[in-house]
Amino acid sequence: MAVTVASFKSLFSRGQFDYGATVPDVRDEDITAALAEASAVFNPDIYPTDKPEIADLAFSYLTAHFLQSDIEAADGQGQARFIQNSRSVDGVSESLDIPEWMKAGEFAFYCTTYYGQKWLIMTKPYLDGAVFVVEGGTTP
């Protein structure tokens with residue numbers, strides 16, 4: 001994997017994260033921890049071998065997902081964050097619609113952040129198998 005703290009910061013340099021040396025800014029050790037968490041669940045073998053940049057980009061978004069989850073956990077004092085499907089306050093209503101395949105089973109956790117959703121969208125084509133029909137028959 002060619003993703004480093006420096007390459008992560010370069011990819012997410014438009015203000016997605018506030019980098020710095022002290023909390024609440026995102027520190028290098030926070031990114032290092034997120035890289036380790038992402039590497040525990042990332043399978044680089046499902047991406048095209050002739051384009052390693054695709055796997056690196058997907059890994060970066062998965063790392064951002066774990067980093068964002070850690071930030072939200074710290075902000076919420078460790079309280080779990082669930083997928084929201086509707087909310088109403090003072091006559092204002094909000095409802096989020098996430099595709100069913102994302103909400104099912106092991107994918108639900110990754111839907112809790114934008115980065116996790118983006119990683120899922122990038123990874124889904126490599127998770128699905130290709131099925132082809134070929135005309136022919138068998139011989140005895």
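## Helix 2 against helix 3

Helix 2 and helix 3 pack with their axes 8 Å apart, at an angle of about 120°. The two helices are therefore oblique to each other. The model described here is predicted. Helix 2 passes helix 3 in a right-handed crossing.

Which residues of helix 2 and helix 3 make the contact? Helix 2 supplies Asp30, Ile31, Ala34, Leu35, Glu37, Ala38, Ser39 and Val41. Helix 3 answers with Phe59, Leu62, Thr63, Phe66, Leu67 and Asp70. By class, the contact of helix 2 with helix 3 has 9 nonpolar, 2 polar and 3 charged residues.

## Helix 3 against helix 5

Helix 3 covers residues 52-75, and helix 5 covers residues 114-127. Their axes come within 8 Å and cross at roughly 145°. This crossing of helix 3 and helix 5 is left-handed.

On the helix 3 side, the contact is made by Ile54, Leu57, Ala58, Tyr61, Leu62, Ala64, His65 and Gln68. On the helix 5 side, it is made by Tyr115, Gly116, Lys118, Trp119, Met122, Thr123 and Tyr126. The residues of this contact divide into 10 nonpolar, 4 polar and 1 charged. Leu62 of helix 3 takes part in the contact with helix 2 and in the contact with helix 5.

## The largest pocket

The largest pocket has a volume of about 260 Å³. How many residues line the largest pocket? The lining has 13 residues. Pro24, Asp25, Val26, Asp30 and Ile71 lie nearest the centre of the pocket.

Helix 2, residues 28-41, and helix 3 each supply at least two residues of the lining. Helix 3 gives the most, with 5 residues. The lining has 7 nonpolar and 6 charged residues, and no polar ones. Asp30 is among the residues nearest the pocket centre, and Asp30 also belongs to the contact of helix 2 with helix 3.

## A cis bond at Pro24

Most peptide bonds are trans. Val23 and Pro24, however, are joined by a cis peptide bond, with omega about 20°. Where is Pro24 found? Pro24 sits in the loop between helix 1, residues 5-11, and helix 2. Pro24 is also one of the residues nearest the centre of the largest pocket.

Note on methods. Residues are numbered from 1 along each chain as its sequence is written. This is a predicted model: local features need pLDDT of at least 70, side-chain atom pairs count only at pLDDT 80 or more; totals for chains, interfaces and linings use all residues. Side-chain values use heavy atoms; hydrogens and water are left out. Axes are lines fitted to C-alpha atoms, for helices over the stretch in contact, and angles run from 0 to 180 degrees between N-to-C directions. Helices (H or I, at least four residues) and strands (E, at least two) are DSSP runs, numbered from the N terminus. A crossing is left-handed if the near helix is turned anticlockwise from the far one by less than a right angle, and right-handed if clockwise. Contact means heavy atoms within 4.5 Å. Ala, Val, Leu, Ile, Met, Phe, Trp, Tyr, Cys and Pro count as nonpolar, Asp, Glu, Lys and Arg as charged, and the others, Gly among them, as polar. On a 1 Å grid over the protein atoms alone, a cavity is a set of points where a 1.4 Å probe fits but cannot get out, and a pocket is an open set with protein on both sides within 12 Å along at least five of seven lines; lining residues have an atom within 4 Å of a point. Grid points are joined across faces, edges and corners, and a volume is the space filled by probe spheres set on the points. Angles under 35 degrees count as roughly parallel, over 145 as roughly antiparallel, 65 to 115 as roughly perpendicular and the rest as oblique.
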